Amino acid sequence: SAAAAGKQWSLNDFEIGKPLGRGKFGAVYLAREKSTHYIVALKVLQKSQLLKAGVEHQLRREIEIQSHLRHVNILRLYGYFFDNKRIYLILEYSPRGELYKHLQAKGRFGERQSAQYILELSRALGYCHTKHVIHRDIKPENLLIGHSGELKIADFGWSVHAPTSRRNTLCGTLDYLPPEMVEGREHDEQVDVWSLGVLMYEFLVGTPPFEAEGHSATYRRISRVDLRFPKGLSEDAKDLIFKLLQKDPRKRMALDMIPNHPWILRNARGAQ
Ligand SMILES: Cn1ncc2ncnc(NCCc3cnc(NC(=O)Nc4cccc(C(F)(F)F)c4)s3)c21
């Protein structure tokens, strides 16, 4: 709310509940704002670790970018505060937790669940792109599920305004990155369209398309778009994945065309 945005928050305003998850830079807790009993998620980041990793500018950018985004499929960042050792992010609480845990538990999602998530993701990313915001880190670990089962994109720690070229070294998995990013070239909003294709494949198959042993093997498979479909994928699913995983960013399917694709129309509710 507007009031929340302006107010100076402190830890004393919250009762801290159970841990919701652990990240590289800190943990997330369920929390309740004392005066309103409003439930939030509180991410606690250690200043020393952020400084050591040289990512404090990315955090400032995340807070700036997130404060202007309002969409049902984007997790809200209501505000932040800090004390001498830590920075706290006041986040929308997503009751059904992390999508990757549901994917791990089920192995893979059916066509209807996958199409619903891809449709919601295309709407959230389309909204970001109208503001020239690219997320750049779309992967199952950064997706949460709301109380009605709706998908929420979280963690804009790698988001930027397009176009851009990366300065920080990539760490973690390359699986969701497009050729232009793994090759260190300039990139724009189309990187998120590529990641959507990687996610769609992983939702339906259970593993990302270019998975390999080690960075260099994964790099090679991404750069060559070494895409192999297992048996059992429907033709229209393969068609949409192929249209998203194009090496040339200009050839990738436009996000606003996704709701009209036959696979989405056949499987997702709410597609026009
Ligand atoms: C697990 N879980 N279960 C339910 C639930 N409900 C809400 N949230 C959860 N989890 C938190 C999800 C996040 C949202 N935004 C984030 N943002 C971030 O972590 N930013 C960030 C961190 C470290 C460094 C940098 C920097 F500097 F590199 F930019 C940026 S994390 C929940």
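Helices (H or I, at least four residues) and strands (E, at least two) are DSSP runs, numbered from the N terminus. The close-ups below come from a predicted model, in which local features need pLDDT of at least 70 and side-chain atom pairs count only at pLDDT 80 or more, while totals for chains, interfaces and linings use all residues. Residues are numbered from 1 along each chain as its sequence is written, and side-chain values use heavy atoms, with hydrogens and water left out.

**View 1. Helix α8 and the residue that follows.** Helix α8 spans residues 215-223 and is followed by Val225, whose phi is positive, near 45°.

**View 2. The packing of α7 against α9.** Two packed helices are described by the angle between their axes and the distance between the axes. The axes of α7 and α9 come within 8 Å and cross at roughly 150°; axes are lines fitted to C-alpha atoms, for helices over the stretch in contact, and angles run from 0 to 180 degrees between N-to-C directions. The two helices α7 and α9 are therefore roughly antiparallel to each other, given that angles under 35 degrees count as roughly parallel, over 145 as roughly antiparallel, 65 to 115 as roughly perpendicular and the rest as oblique. The crossing of α7 and α9 is left-handed, a term used if the near helix is turned anticlockwise from the far one by less than a right angle, with right-handed used if clockwise. On the α7 side, Val193, Trp194, Leu196, Gly197, Met200, Tyr201 and Leu204 meet Ala237, Leu240, Ile241 and Leu244 of α9. The residues of this contact divide into 10 nonpolar, one polar and no charged (Ala, Val, Leu, Ile, Met, Phe, Trp, Tyr, Cys and Pro count as nonpolar, Asp, Glu, Lys and Arg as charged, and the others, Gly among them, as polar). The buried residues of α9 are Asp236, Ala237, Lys238, Leu240, Ile241 and Leu244, and what covers them includes α5, α7 and α10.

**View 3. The largest nonpolar core.** A nonpolar core is a set of buried Ala, Val, Leu, Ile, Met, Phe, Trp, Tyr and Cys residues joined through side-chain atoms within 4.5 Å. Of the 53 residues in the largest such core, Ile118, Leu121, Ile153, Met200, Phe203, Trp263 and Ile264 touch the most other members. Elements that each supply at least two residues of this core include α5 (111-130), β8 (151-153) and α10 (262-267), and α7 gives the most, with 10 residues. Leaving aside neighbours within four places in sequence, Leu121 is in contact with Ile138, Leu143, Leu151, Ile153, Leu196, Leu199 and Phe203.

**View 4. Asn142 in its loop.** Asn142 lies in the loop between β6 (133-134) and β7 (143-145), and at 7% relative accessibility Asn142 counts as buried. Apart from neighbours within four places in sequence, Asn142 is in contact with His135, Asp137, Lys152, Ile153, Ala154 and Asp155.

**View 5. Pro95 in its loop.** Pro95 lies in the loop between β5 (86-91) and α4 and, at 40% relative accessibility, counts as partly exposed. Not counting residues up to four places away in sequence, Pro95 touches Ile145, Gly146 and His147.

Technical notes:
Buried means under 20% relative accessible area, exposed over 50%, partly exposed in between (1.4 Å probe, protein chains only). Contact means heavy atoms within 4.5 Å.
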